[in-house]
Amino acid sequence: MALSRNLVEAFVVLNSTQSASVEAVDASLYERLDSTYNNMSGCQLVSCYTFASDWQNSEMHPNGDELVILLSGEVTFVLEQPAGDEYVTLAKQGDFVLVPKGVWHTAKTEVESTLLFVTPGEGTEHRA
């Protein structure tokens with residue numbers, strides 16, 4: 001039976017057997033993801049976020065590449081590379097960036113923007 005949902009209200013977890021589960025976006029989401037999916041071991045999280053200002057932190061995914069697709073707005077990703085920061089601007093609907101495994105990254109925007117993320121969730125780290 002097919003389910004019709006909205007990625008603002010419910011995220012999708014793709015597990016290592018390629019089956020999908022739907023999880024409501026609420027205050028306990030990330031605790032539930034860790035406990036239900038063994039700290040997201042072998043899983044990817046499909047999510048959608050809207051924001052209108054720069055991210056306040058950076059993140060890094062040690063267990064796989066992250067796919068980020070622009071749905072609306074304009075966002076510049078800052079990827080910390082050994083040779084210096086790399087800037088990737090997503091300006092047109094459908095533009096995307098592949099953030100390599102293990103690369104610290106953040107995002108900057110001055111306009112309301114919506115992004116679709118496919119994130120290897122296991123071991124994700126954050127820093128200010």
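Buried means under 20% relative accessible area, exposed over 50%, and partly exposed in between, with a 1.4 Å probe and protein chains only. This is a predicted model, in which local features need pLDDT of at least 70 and side-chain atom pairs count only at pLDDT 80 or more, while totals for chains, interfaces and linings use all residues. Residues are numbered from 1 along each chain as its sequence is written, and side-chain values use heavy atoms, with hydrogens and water left out.

Followed from the N terminus, the elements run β-β-α-β-β-β-β-β-β-β-β-β. The radius of gyration is 15 Å, close to the 14 Å that the globule rule gives for 128 residues, so the protein is as compact as a globular protein of that length; the radius is taken over C-alpha atoms, and the rule is 2.2 Å times the number of residues to the power 0.38. Along its principal axes the C-alpha trace spans about 40 × 30 × 25 Å, and buried residues make up 38% of the 128 residues.

Next, select Val75, Phe77, Leu79, Leu90, Val97 and Leu115, the residues with the most contacts inside the largest nonpolar core, which has 15 residues. Such a core is a set of buried Ala, Val, Leu, Ile, Met, Phe, Trp, Tyr and Cys residues joined through side-chain atoms within 4.5 Å. Two or more residues each come from strands E5 (66-72), E6 (75-81), E7 (84-90), E8 (96-99) and E10 (113-120), and E6 gives the most, with 3 residues.

Centre the view on leucine 90, whose contacts (heavy atoms within 4.5 Å), leaving aside neighbours within four places in sequence, include Val68, Leu70, Gly73, Phe77, Phe96 and Leu115. Then move to a second, separate core of 8 residues, among them Phe11, Leu29, Leu33 and Tyr37.

Finish at the loop between helix H1 (29-36) and strand E3 (44-51), where asparagine 38 is found. Most residues other than glycine have a negative phi. Asparagine 38, however, has a positive phi near 50°, and counts as exposed at 54% relative accessibility. Asparagine 39 also lies in the loop between H1 and E3; its phi is positive, about 60°, although it is not a glycine, and with a relative accessible area of 47% asparagine 39 is partly exposed.

Conventions:
Helices (H or I, at least four residues) and strands (E, at least two) are DSSP runs, numbered from the N terminus.
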